[in-house]
Amino acid sequence: MSLYRNSAWFLKGLTEFTKGSFDAASKRFVEKDLEVSAAGRSFMITGANSGIGKATAMAIAKKGGTIHMVCRNKDKAEEARAEIVKESGNKEIYVHILDLSETKKVWEFAEAFKKKYKTLNVLINNAGCMMTKREVNAEGLEKSFASNSLAVYILIKSLIPLLEKSPDPRVITVTSGGMLVQKLRTGNLQSQRGRYDGTMVYAQNKRQQVVLTEQFAKAHTNIHFSVMHPGWVDTPMIANAMPDFHRSMKERLRTPEQGADTVVWLALSEAATTKPTGRFFQDRKMVSPHLPLAWTHSSQLEDQKFLSVMEEIAKSFQPH
């Protein structure tokens with residue numbers, strides 16, 4: 001069943017994920033939470049040249065933060081960088097070209113970054129990829145899994161030592177409400193079995209991100225981990241990958257700035273770090289990563305098995 005035909009998810013979305021629900025939620029936001037300076041702090045943002053990633057980069061740049069934009073397309077990245085520098089007046093904006101679906105290159109990038117830079121205060125895993133048909137990368141891994149799950153695992157794993165020696169370290173992962181209809185499945189990570197449904201594969205990857213966040217948070221207690229749902233946002237990815245949904249919901253979709261609000265709050269505010277680590281957030285509020293009475297809970301054993309599988313796959317492509 002296609003994602004947006006799931007009635008429980010769709011009804012929840014209509015009440016909680018739209019532009020109108022953001023306007024309602026923002027009435028309880030504490031303005032002074034974001035009256036902070038990010039000067040002297042560095043932020044890595046994947047997929048920072050458009051949509052939520054670009055809006056996040058712009059907001060943090062305006063606060064004086066050093067931004068490392070990790071993007072696939074050089075021209076689009078340079079164009080976005082020029083716009084951010086011009087609007088924010090902040091020149092500490094750096095572009096790194098990386099295709100997150102290329103597993104070995106993700107490792108190489110993270111290891112090189114660690115050698116070149118002395119600090120990284122915040123890692124924001126924002127980039128997302130939704131495929132319309134099953135494709136594999138050079139390493140033979142399904143591209144959606146490689147980009148959305150494995151790349152996130154590798155970036156976190158590799159950059160943890162750098163984050164741990166930086167003040168007030170945080171890791172934020174942008175997930176999707178689609179994961180609410182998915183239970184963690186470790187048996188078909190490469191989507192080799194059954195019919196390939198890009199939206200459901202994406203939703204499964206997003207559930208995997210939630211589990212990764214929970215597991216990393218337990219293992220690295222001096223880093224504040226969080227995962228957030230931006231709501232239904234008008235981004236190029238949604239327009240391209242879910243055209244019918246985009247067309248029918250266009251008037252109700254949030255702006256990239258509204259989608260980025262909780263990311264920025266989690267990255268900058270002191271209030272965010274008073275919340276427990278490893279939790280799921282929506283509109284600056286800690287919420288359950290499951291629908292009421294949901295069947296989507298996985299056991300501790302399943303979560304640990306998933307982590308072991310991820311470690312094994314990631315290690316096999318790690319440069320020596």
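Reader: How many disulfides does the structure hold?

Author: This is a predicted model, and it holds 0 disulfides. Cys-71 is in no disulfide, and the nearest cysteine sulfur to its own, that of Cys-129, is 15 Å away.

Reader: Is Cys-71 buried or exposed?

Author: Cys-71 counts as buried, because its relative accessibility is 1%. The cut-off for buried is under 20%.

Reader: And Cys-129, buried or exposed?

Author: Cys-129 has a relative accessibility of 15%, so this residue counts as buried.

Reader: Turning to the backbone, what is phi of Ser-191?

Author: Phi of Ser-191 is near 50°, a positive value in a residue other than glycine.

Reader: Where does Ser-191 lie?

Author: Ser-191 is found in the loop that runs between β5 (170-174) and α7 (198-219). With 11% relative accessibility, Ser-191 counts as buried.

Reader: What about phi of Asp-283?

Author: For Asp-283, phi is near 50°, again a positive value in a residue that is not glycine.

Reader: Where is the place of Asp-283, and does this residue count as buried or exposed?

Author: Asp-283 sits in the loop between β7 (279-282) and β8 (285-287). Its relative accessibility is 6%, and therefore Asp-283 counts as buried.

How values were computed. Residues are numbered from 1 along each chain as its sequence is written. This is a predicted model: local features need pLDDT of at least 70, side-chain atom pairs count only at pLDDT 80 or more; totals for chains, interfaces and linings use all residues. Side-chain values use heavy atoms; hydrogens and water are left out. A disulfide is a pair of cysteine sulfur atoms within 2.5 Å. Buried means under 20% relative accessible area, exposed over 50%, partly exposed in between (1.4 Å probe, protein chains only). Helices (H or I, at least four residues) and strands (E, at least two) are DSSP runs, numbered from the N terminus.
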